[in-house]
Every structure is written in structure tokens, then in C-alpha cells.
There are 2 protein chains.
Amino acid sequence: MQNIFFTPGPAQIYPTVPTHIHKFMSTGLASISHRSSQYKEIHKHAVEQLQKAFDLPEECTVFFGGSATQFWQTLTQNLVENTSFHLVNGVFSKNFYDTVKQLGKSPVKYEVALGQGFDMDSIVVPDEAEIITLAVNETSTGVYTDPAKVYKLKQKYPTKLLLLDVVSVFPYCDFNWDFVDGFYFSVQKGMGLPAGLGVCVVNQKCIDKANSLNEKGISTGSYNSFVKIYKKAREYQTNETPNVMGIYLLGKVLEDMNTIGMKKIRDLTDQKAKLLYDFVDKSTQFTAFVEPKWRSPTVATINCPNPKQVIEKLKEKKIIIGSGYGDLKETQVRIALFPATSVADVEMLIAELGNI
Amino acid sequence: MQNIFFTPGPAQIYPTVPTHIHKFMSTGLASISHRSSQYKEIHKHAVEQLQKAFDLPEECTVFFGGSATQFWQTLTQNLVENTSFHLVNGVFSKNFYDTVKQLGKSPVKYEVALGQGFDMDSIVVPDEAEIITLAVNETSTGVYTDPAKVYKLKQKYPTKLLLLDVVSVFPYCDFNWDFVDGFYFSVQKGMGLPAGLGVCVVNQKCIDKANSLNEKGISTGSYNSFVKIYKKAREYQTNETPNVMGIYLLGKVLEDMNTIGMKKIRDLTDQKAKLLYDFVDKSTQFTAFVEPKWRSPTVATINCPNPKQVIEKLKEKKIIIGSGYGDLKETQVRIALFPATSVADVEMLIAELGNI
């Protein structure tokens, strides 16, 4: 038996991936020019499957990069002249704030304790903020903030661009494009692909903002400037040589998921999360780190007396789970419930947790 | 028969790659954490094979990113406070100059005509320049400037950091670390790997420069700041989730090449280049675009009356060559001679060129 990974990324590989990789390699696609019509078809296919899965409006542009991390810099350079506003509840949501600071601009944060989500009604966004950022799933703590909650904030501040980090909750997450201006993720989590590709989707307002900064003589970056890469992206190409295999696999696995249906994918995720949290809530040795209203359906953080021992015991059974993030390593484990693992897999995991 | 690619990148896949990919996927390496000791071993292996192939001093640090293109921005942010100096002889060498400009700093260029190399004796580098950049192989025109030539410039200007773009001449190129401060490449060319990984190697002076800019309060970037990523890189890790498969394949294929011996790899490249240029020089319908002293051993640019027809005729024989770059598409073809193709492959190509 092979290891099965419930880690929050890199994660369990989606079952169809090895076959898709074999096809990619054996048909010579690894050698094709990124300027060829064959490449454009691969790129277009990935974009179309994304559009299908998330009802993306035609005005949305899809950009590819090496990782989601890179997009913090890209989004800052393209969308922030001076000030940004960040909802911070863990390491990853804070990283966007830190990036803006490192690039010499002025971020403002609204921070809550680890394990908490946000009460949107009480949040005041400064007038000068140009963007609002939220990590829908804070991977470090397993807190999920339903995007629908942040739409209220967007309604109150309609001219500010709302950007969602959906890194560890893609493709579970869903969007209402009346309120969202952009989102980004990487493929080694919910998509179950090998790491090395980040995806960023933005609407026309983001492109317009980058153009207006550029016209003011403010740098929007170089290889990652929307001013520069927008045209190529609309023609299903990239300026730099992209991760062709990653883009190919993204399209193929999204197609596989679309065949199953995104609603079904979400329902199965909810089912797996319910099984796991129900077990934890009844357990005498495990407790959920996050209160029910903020619990992530895709990354569960679970307190236990000896996390290292839990991880080792499961490893003996070929089950790999994640450690807590940073200091939380000492008191908790993290269990991802991405589409690559089945309900039966989660039932087996729960049985083994019960045996510890 | 499968297509054989003599394209300048993405290019022919190195023969051992499919086996390495199979091993990577079937042993679960696509799912391992980038914080695990297993990952560190993969990362360390790639660095060690690079060290072995190029006699890298221990002080050199290896950074991984999504593409070589990204490193123009990274190197600018980390190493240029105000002014850079660029030897420009085509699109790719000019891209570095453009990047510095796009980031709001002041680049200076010394430009020669397409198809030309540089007479280093006549070049005056401005006092204020902090870096000197050279594309050892200008991929757009097939001009090769032996790094040994630019060492003279470094001797004249020892405090300026010399950065070499070796994108389409890696791993043929070699370095004298008394003169070189950094180099970068991507893996879809001479390494014969799937696209999606860039590699940048810098010495301690580059790290020191980034630290000194940072201390002055000048932004050195975010996810790509040497100040931030140096420590992790020395521990064989990355800050962002990297292209683990790409790094694994880089280490494995470099190991394969080291087993053959880098001298042998270079000799075979020279042999293939001699065969091709000898054929072209004797031909009545083909002529080399570049004069002998600047001819690239890895990317040959060849003038011909009807390049599109040449490309199509060879395609019928399952031989894929590249078009000229940009406007040169109308008058020339490009043929790459990377390690993934053998002397016999090049002989077959020449025979087919002779039949046209």
C-alpha cells in the first residue's frame, strides 16, 4: 500500500494525474514551443475549465506564475499605489500585509487572534485603502471565512478591490463576481497536482488599476506587470516560458472535476469534514482548535496531547497528516480534506485516529 | 517515430527524464512536504550536482524560481540601488535593461547590432553602475560571447557585480569564479526538462549587496528578497512551495550528465556545432547569420530563402526546428544543439537539410 496524504499541501495527488502526466510526456508536449498553437490550446483549455467550474465572467483574466506566494508581490505592484487593507488571522493572511510593507508601501491590518474569523460588521476600512484582502482559508490555523461574509464589506466599500486568497480552499470555494475582484491559489493543495504553479484571476477593474498606475509613472513590476502580460494572457499565452505541464494538468484535472460536477465535489468535502469534526467533537483525546462557525471544510486543525506521536502512529499505517503550523506544532495536527481523498479514505483515517 | 526537437526551448527532453518522472510520481514524492527532510535531500542533491558540474565555490547560494525571466526582477530588486550596465545584442539581453527601467531605476546599455558580439576593450562602464550584465548566449540571434572575454571587463571594474544570463547555453557554459558574481538559467533548454523552473546562483557579494540595500531602507522585494530567502536556501529549502518535481529532475539529470562528464558534454556539443556550421558554410542555400567568432555552439541561426518551407519540410520528417526570433522569422531558422540530441541526430538533421 502506498502512503495516503492528508497533508495541507503538497498533498495527495488527484487520482487521474499520473495518467495525464504519462500522456503529456509520451506525446511530446513537454517539448512544444510556448508560442505554438498547440500550447495555446492547452492554455485555453485550462482557462475554459476554470470558467466552467466557477462561472467566471468573460472579462476575467487568468494569469499563471510559479506559486501563489509570487502573486502577493504581483498584486501589490499592480494594484497598490500607497495603501492596502488586510484582514489578518494567521501567518498566510499576514504575509500579504508583510509583502506590501517590504515593497515600501503602507499596509493597514485588522488582526484577530489565531483560530478566529472576522465579524465583518465591526470592521472599518480606511478611506485611503485601495485593496481589501482576505484569506478565505487561513491554512496555518484552519479558519474558514465564507466569502459571502466579506461581500458585506465590499458593499460598504464598493470602490476598493476585494482580493481573496483561496490557496487551501480551492476548488471548494465559490465566488459571486458582483463582489469579488480577484483570487489566487496554487495547485499542490486542493487540485492535487505536483507543486510549481500559481494561478491568479482578476477582473477588468484590476487591469484598469494597473494601467492607471502605469500612466502615473508608478512601477507595476516587470515580467509580472498586468500592463505587459494582459494582452498575451487574453491570447492564451504567457510572456515568460510557463510551467506547461502544470497548466496542462490543471486543465485536465479541472475537466475531470467538472465531469463529476463542482457541486458534488463541494458536497463530498462537506461530508468528509462533518465525519471528521463529529469524530473529534465526541473524542476524549482530540478537540477542534477552531469553534464551529469558523471551521475550515478543507484544513482541520485538531488539538491533541501528543501531536508528534499521533503523526508517527498514523505514519506506521501509511497515513500522512500535517503538523500544526509554527508554534502550534506543539499542540495540534492539521488534516486536509481535499478532493483527492475519498469519503472512504477519511473513514479509514478516523478509524485509525480512534485506535490511537 | 516520435518528433525530435532541435528547438531552442522548450526543447528535446533529455532521454532519462521520463524514467525519473515515473520514479518521482510512483514513490509519492509529489506529495511530500517542502519542509520535510525528504524534500531537503532532493534540494541538496540538485545543489550538489550543480556544484560538481561547475566547481561552484561553497560560498555560492542557489535560488529556485518559476523561470529565468523572474530573476531579472529579482536581481534588479536585490542588487541595484540606482544604476545598472547592460551589454545588449538582442531581445533577451535587452530584457534585463528594460526590467531595470520598469522597476523605476536607471539602466545604461551598450548596444551592438543583431548578430554581433562585443569587443570588450572598447567598452567603458559608467562609474555609477552597480552591476554588469551579459547574455552569454543571445538566444534571439545565436550570438555567443565566451565568458572569458567579459572577465577583462570585470578585471577593469572589480567592484561591479558581473551577472551572466546562460539561459540557452547551460550546461555548455563554464565559469571562472574569480570573475563571475552570479548566473541564471531555466531548465527547458540545455537541461532538457519540462518548463517551469528557473535557477539563479550568486556569490556572497550579491548577498552582502542585498543586505546593504535592505539596511539603507531600500526594498529588495518580498518573496524574492535575498535578505529573506538566503537562510532557507542555505538549509536546502525555499520560502515559497517550490517546483519540487523540477528540482528533483534537475538533480537527477545533472547527475546523469556528471556521470558522462561535463567535458564530454561540451566536446559533443562542439562536435555537433562543427558538423552543422560546416554543412551550412558549404551549402548553396543556407548561410550562417553570425560570423564564425560569435557563433553559438548551442543555438545556430541560419539564413535561408524560405524558412517556413524549411520548417514544414523537416516537420514532415518528424524533425522540429525553431523559427527565427521576431522579425528574423522571415529570413532565418534556429537550430538548437542541446545535450538531449546526439551526434547521430544532428547528422540525420543535416542529411534532411541537404535533401531540401
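Colleague: Which residues in H9(A) are buried?

Modeller: In this predicted model, the buried residues of H9(A) are Met262(A), Ile265(A), Arg266(A), Thr269(A), Lys272(A), Ala273(A), Leu276(A), Tyr277(A), Phe279(A) and Val280(A), where buried means under 20% relative accessible area, exposed means over 50% and partly exposed is in between, with a 1.4 Å probe and protein chains only. They cover an arc of only 160° around the axis, which puts them on the same side of H9(A); the arc is taken from the directions that run from the helix axis to the C-beta atoms.

Colleague: And which residues are exposed on the other side of H9(A)?

Modeller: Lys263(A), Lys274(A) and Lys282(A) are exposed there. As background, an α-helix has 3.6 residues a turn, so residues three or four places apart point the same way.

Colleague: What covers the buried residues of H9(A)?

Modeller: The cover includes helices H2 (37-54), H8 (244-260) and H11 (343-355) of chain A, along with strands S11 (287-288), S12 (299-303) and S14 (332-336) of that chain. Helices here are DSSP runs of H or I with at least four residues, strands are runs of E with at least two, and both are numbered from the N terminus; contact means heavy atoms within 4.5 Å.

Colleague: What span should helix H9 of chain A have, at 1.5 Å a residue?

Modeller: Its 21 residues (262-282) should span 30 Å, and the end C-alpha atoms are 30 Å apart, which agrees. The expected span is 1.5 Å times one less than the number of residues.

Colleague: Before we switch to the interface, what conventions apply?

Modeller: Residues are numbered from 1 along each chain as its sequence is written, while chains are lettered from A and ligands numbered from 1 in the order in which they are written. Local features need pLDDT of at least 70 and side-chain atom pairs count only at pLDDT 80 or more, whereas totals for chains, interfaces and linings use all residues, and side-chain values use heavy atoms, with hydrogens and water left out.

Colleague: OK, how much area do chain B and chain A bury between them?

Modeller: About 3,400 Å², with 55% of it on carbon and sulfur atoms, counting the accessible area (1.4 Å probe) that the two parts lose on being put together, summed over both. In chain B, Pro10(B), Ser31(B) and Tyr223(B) lose the most area to chain A, together 16% of what that side buries. The contact takes 44 residues from chain A and 44 residues from chain B.

Colleague: Last one, what is phi for Tyr236(A)?

Modeller: Phi is near 60°, a positive value in a residue other than glycine. Tyr236(A) sits in the loop between helix H7 (226-234) and H8 of chain A, and at 24% relative accessibility it counts as partly exposed.
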